[in-house]
Each structure stands twice: as C-alpha cells, then as structure tokens.
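I set out to look up several local features of this structure and to record each with its criterion.

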Amino acid sequence: MAKKGKKHGRRLAPRIVKRNGNRIRFVGKVNADAHYQFMWCLYDSLRRGYEDVVLDFSACKSAFPDGMIPLLSSADALRRDRIDVSLQLPERPELERLFLNTNWAHILDPKRFRKSETEHDRHLAAQRFRDFDEQQQLVNAFVNVVMRNMTLDRSVIAGLEWSVNEITDNVLNHAECEEGGIVQVSTFREARKVAFGVADSGKGILSSLREGHPSLQTDAQAIDEAMKAGITRNPDVGQGNGIAGALNIATMSKGMFSITSGQAQILVRIDSNTGSPDSRVFKRSPWQRLQGTVVYAEIGLDTQFHLSEALGFAGELHQPDIIELLYETETGDAVVLKMRDESTGFGSRAAGQHLRTKCVNLLNAEPTKPLLLDWTGVPLVSSSFADELVGKLFVTLGPLAFSARVRNLGMDAVVGGLVDKAILQRVGQVANGTVVQGDVL
C-alpha cells in the first residue's frame, strides 16, 4: 500500500467550465480539473429548474481522457435521472474528429451521434461493456493495441492485462450499474507508457464496501480501504485484490493511479525526490460528488517485475496470460499468429510495421518457441506490407534466427511469392552492406 500523504484540497484552477442558463460551456483545455468545475455548473443549472443540459465544447481548445472519462459516466447518471443531455461539438476540425473517433460524442449524446467503428493504431476508443463477454473482448483488444505499438517485457504485458481485467471486472461485480462500464486506453510510444480509464455511474465504492464494512463513514475512507489487498464487500464475488494489485503494478512501473468516487479522490504517484509512492486525498463538496467510480492509471513500460511480486505472493505465480491463452498452440510448443484475425489490414507499410512489433513481442515472450505465421484465408498482400512485416523481421532477427524461429503456414502462391521477394531483397541489402543485421529500420 502506498504511504499516506496529507489531505489536500483541489488547487484553484483556471475557469475552463462556465454556465449560461442550461448551457455548460467548456473552454480552453479540458483536463482532470474539468469535472470539478462541471459539477458546480451542473448543480447551479439544476437548482434553477432546468430539466436538460447542453454540453457546449464549441470553444474547447484541447481535451484529454482524464478530463473526459468522468464526464461520460456523469452523462449516464443524468439520463438515468431523466435529465436530457445534448452535445455541441468543438469548432476546431481536429477536435471535432477526436470527439467522434474516440466515441466521446456517441456516449455523451447517443441520439445524435453514432458509435465510431474506426479502429485506431495506437488507442482504444471509449467503449461500453455490459457483460463478461464484452469485457473480455475489450481486454483482448487493449492488449493487442499495446503489442502492436511497442516492444515490451512479457511481465509488463501480463501486468497491463491483469490491471484492466481486474478493474473492469470490479464494475460488473460491484457497481450495480445498468449502463455497464466505460473503458478507454491510450498508448504513448515516445513516453513509453500506457494510460487507461475505467468509469461507471453505479453505486460507488462507499455504498459497495459498506455491505461488508458498515463502519466506513466517508468516500475517502472507502477508497483507502479499497486500495488495500483483501478488502471486499463480499468474499463470494471477489477477494478484494483487484484494485490493490493494479495500484502496485502502476507504482512499481513508476506510473500513477487514481480513484475518484463520491466526494473524494485518492491519487498515488511516485515522488520524484524519494522514489517512493506518495498518496494524496482530494475532497469534493456535496454538489461536486461523482455518481459512481472512475479509475485512471498510467503504467510505465520500461520496468520489469513479476506479477507475483505486484500481487504480494511469495515465489513465482503461474497466472495464464493472454499470450498463453490466445497465441500458444494446444500442445504449447509454439506461438501462432493467425493473420486473417488481425485488424490492421494487409495493404500498407504501417500495417506491416504494427504486426512486426507484435511478432517481436511474441518471440520475446517465448524465446525458446517458434512463431508460426498462419496466412490461411489471406488472398493478397501489398509488397510494402510484405517487406515491412517479413522482410524487416528477417533483418531484425538475422538469417539463422529467422530460419529457426519463424515459419509461414497456409500461404497462397501469390502471397508466398511476394514474401519471398521481400526476403530476397533484404538478403541482398544485408550482403552488400546497405542495411545491417539487427536493424529495426
């Protein structure tokens, strides 16, 4: 558990949310302070008798997930209370596209804006999950996005998967929210970190934990207890290790972890001076309370840790991860990537680059096992895709390692010809010194 810090009030922030009648206007940068100011404006609007609100982002200059995700769950709570919510998109074209492509527009105003089906290379748009099948699909999609963008240690992949899986599982088991939960993921290749937010508009942590711990009085007490291992409302539906484990994973990776519920937020990050976790408590007024719970975390990707260490187990813990469950063969003697199941497409160099990164992660995760590239059902690829995926993978691994560890299966003759040509061209470049073996290029 992170050490306790002093209780802090929310610092005075520039006014980024303003009210005009039932119109709540977001100006400037919509960040983590936005929801505090939004709830003040909303309270003022509702006490004046308005039964609908307009969320006006027309003057918004920028928007970030830590500011938007709480707004998404609050919109759910308002509609449940029969308050109509409508959205005015930002005037800036790039921000308008962001609201549409991230599904912020759809979740805030589902009557006017359709769900975006656009798949992003580096991010997972905000998505709802209402049952365990949808939850598992989102967890798998999240790990897939990360594995296609950055090479990272298998322990980090397992930690990312475990964290998102446990936090989303908590929503389904404890929130009692008919709308389900909302999850959004962002990857930052240059900064070498992954950020995710999980939100719901359900009963909140205090109401949930009080069922098993009736002495809890405040939201801050309840959040603090939820961050401890073994604390749960009901052992029959969970052991209470999800939030505590995810917190440890975030801090061990030198990231950050925050929980907001009701009238409190606890934020834990690594103190730059001491290198130890520092915990801060922020209080909200009754008129600023968040209906439900928002968990927001950043996990660093340049550290190594065993999942058993983060979860507080002595010795090595065998926890089947996504690589073992989805990519290993039934006999366990190889990992297989079924190309037709990949969503990147086969016509661009960028798609080939993302799949090559994923192949490197699979090879690194199982260094003693071959990687089987199953091309069954793929009738055609572009030359640039073949070069970016297979040609450059050949250069990265070198001829001997590539021949020993990468095998192509189920190739159409045309696809096989394009892949062979890509490899031969790279062989020539290595031979004449144009490129150096081991280069990622």
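**Basis.** I worked from a predicted model, in which local features need pLDDT of at least 70 and side-chain atom pairs count only at pLDDT 80 or more, whereas totals for chains, interfaces and linings use all residues. Residues are numbered from 1 along each chain as its sequence is written, and side-chain values use heavy atoms, with hydrogens and water left out.

**Entry 1: the largest pocket.** I took a pocket as an open set of points on a 1 Å grid over the protein atoms alone, where a 1.4 Å probe fits, with protein on both sides within 12 Å along at least five of seven lines; lining residues have an atom within 4 Å of a point. Volume is the space filled by probe spheres set on the points, which are joined across faces, edges and corners. The largest pocket holds about 760 Å³. I counted 30 lining residues, and Q137, N140, A141, N144 and S343 lie nearest the centre.

Helix α5 gives the largest share, 8 residues. By class, the lining has 10 nonpolar, 9 polar and 11 charged residues; Ala, Val, Leu, Ile, Met, Phe, Trp, Tyr, Cys and Pro count as nonpolar, Asp, Glu, Lys and Arg as charged, and the others, Gly among them, as polar.

Entry 2: I used buried for under 20% relative accessible area, exposed for over 50% and partly exposed for in between (1.4 Å probe, protein chains only). Helix α8 (residues 219–226) is largely enclosed by the rest of the structure, because 6 of its 8 residues are buried. These are D219, A220, A222, I223, D224 and A226. I259, in strand β11 (residues 256–262), is buried at 0% relative accessibility.

**Entry 3: aromatic contacts.** I paired rings of Phe, Tyr and Trp (its six-membered ring) with centres within 6.5 Å; planes under 30 degrees apart are stacked, over 60 edge-to-face and the rest tilted. The count is 9 aromatic pairs. One of them, Y43 with W287, is tilted, at 5.4 Å centre to centre and 50° between the planes. Y43 lies in helix α1 (residues 34–47) and W287 in the loop between β13 (277–283) and β14 (290–300), so the pair ties together parts 244 residues apart in sequence. Y43 is partly exposed at 31%, as is W287 at 39%. Ring pairs also link F26, F38, F57, F99 and W104 into a cluster.

**Entry 4: positive phi.** R82, not a glycine, has a phi of about 65°; it lies in the loop between α2 (65–80) and β7 (84–88) and is exposed at 76%. N103, also not a glycine, has a phi of about 70°; it lies in the loop between α3 (93–101) and α4 (104–108) and is buried at 1%.

**Entry 5: cysteines.** I found 0 disulfides, a disulfide being a pair of cysteine sulfur atoms within 2.5 Å. C41 is buried at 7%, and C60 is buried at 1%.

Technical notes:
Helix = DSSP H or I, 4+ residues; strand = E, 2+ residues; numbered from the N terminus.
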